[in-house]
Amino acid sequence: MINIALPKGRLGEKVYKLFAAAGYEFPGMLDNNRRLVFENEKLNMRCFWVKPFDVPVYVERGTADIGAAGKDILLERSPDVYELADLKAGFCRMAVAAKNDFIDEPEKILRVATEFPNIAQNYYFSLGREIDIITLRGSLELAPVLGLSDVIVDIVETGTTLRENNLSVINFIADLSARLIANKSAYKFKGEEINKIISEISK
């Protein structure tokens, strides 16, 4: 059996539709219910919903053979998995944003608010910049507005929320989208089936 972990939410639903369009359907997955596990006995496959940040954990530890995870999560967690394909869904960017009147002062420690401390640390380390990371869980735009931070490192899709709070992007860090990942051991033994899935959903 092939086990598939998909992230709950809009991104997971987009990815599931790719699977369904390729013939990998799991009845009831998009119904308004609280079920988490769905099987297709004919295909000998099982699919389940998990929190987006947990997809790499399920795949890395072998509970799932494959999964769909945002590139942001892969950059942040650096799981020991194979990244096999860009699913071309959920495109957005990781960016640095600040107040419109922000002036960087390189001699000062930069205060950075983010939900992605590892991405922020790695980015600024590559620039040789000393920073103070402030880890928050949502509403990052408030941090520079209220003076908690100088900048934020966050996912930007349309930029509307930034503009409405008088913030703007000052640097882009990475392009993001959903990626298909695989457990290394599972790929060794089920590679043919997994590659077939990739081929079908990529058409």
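Of the 203 residues in the protein, 42% are buried (under 20% relative accessible area; exposed means over 50% and partly exposed in between, with a 1.4 Å probe and protein chains only). The model is predicted, so local features need pLDDT of at least 70 and side-chain atom pairs count only at pLDDT 80 or more, whereas totals for chains, interfaces and linings use all residues. Residues are numbered from 1 along each chain as its sequence is written, and side-chain values use heavy atoms, with hydrogens and water left out.

The protein has 7 helices and 11 strands. These elements are DSSP runs numbered from the N terminus (helices are H or I, at least four residues; strands are E, at least two). The C-alpha atoms fill a box of roughly 60 × 35 × 30 Å along the principal axes. Among contacts with a separation of 6 or more, 64% join residues 24 or more positions apart. A contact here means heavy atoms within 4.5 Å.

Strand β11 pairs with β4 (residues 66-70) in the antiparallel sense, over 5 bridges. Strands count as paired if DSSP finds at least two bridges between them. Within this pairing, Ala 68 stands opposite Leu 180. Strand β5 (residues 82-86) also pairs with β11 in the antiparallel sense, here over 4 bridges. Glu 83 stands opposite Ile 181 in β11.

Helix α7 covers residues 184-201. A straight helix of 18 residues would span 26 Å at 1.5 Å a residue, but α7 spans only 20 Å between its end C-alpha atoms. The expected span is 1.5 Å times one less than the number of residues. A kink of about 95 degrees is centred on Lys 190. The bend at a residue is the angle between axes fitted to the seven residues ending there and the seven starting there. At the N-terminal end, Asn 183 caps α7. A side-chain oxygen of Asn 183 lies 3.0 Å from the backbone nitrogen of Ser 185. The buried residues of α7 are Ala 186, Gly 191, Ile 194, Ile 197, Ile 198 and Ile 201. They pack against β1 (2-7), α1 (10-21), β3 (45-50), β4, β5 and β11.

A search of the whole structure finds 5 aromatic pairs. Rings of Phe, Tyr and Trp (its six-membered ring) pair if their centres lie within 6.5 Å; planes under 30 degrees apart count as stacked, over 60 as edge-to-face and the rest as tilted. One of the pairs joins Tyr 82 and Tyr 187 in an edge-to-face arrangement, at 5.7 Å centre to centre and 70 degrees between the planes. Tyr 82 lies in strand β5 and Tyr 187 in helix α7, so the pair ties together parts that are 105 residues apart in sequence. Tyr 82 is partly exposed, at 35% relative accessibility. Tyr 187 is also partly exposed, with a relative accessible area of 24%.

Leu 140 lies in the loop between β8 (131-135) and α5 (142-145). Its relative accessible area is 1%, so Leu 140 is buried. Leaving aside residues up to four places away in sequence, Leu 140 touches Ala 113, Thr 114, Glu 115, Ile 152, Val 153 and Asp 154.

Asn 40 lies in strand β2 (residues 37-40). At 15% relative accessibility, Asn 40 counts as buried. With residues up to four places away in sequence not counted, Asn 40 touches Glu 25, Phe 26 and Met 45.

Most residues other than glycine have a negative phi. Asn 44 has a positive phi of about 60 degrees although it is not a glycine. Asn 44 sits in the loop between β2 and β3 and is partly exposed, at 41% relative accessibility. Ser 78, also a residue other than glycine, has a positive phi near 45 degrees. Ser 78 is placed in the loop between α3 (71-77) and β5. At 57% relative accessibility, Ser 78 counts as exposed.

How values were computed. A polar contact is a pair of N or O atoms within 3.5 Å; within protein, one must be able to donate a hydrogen and the other to accept it, and residues adjacent in sequence count only if both atoms are side-chain atoms.
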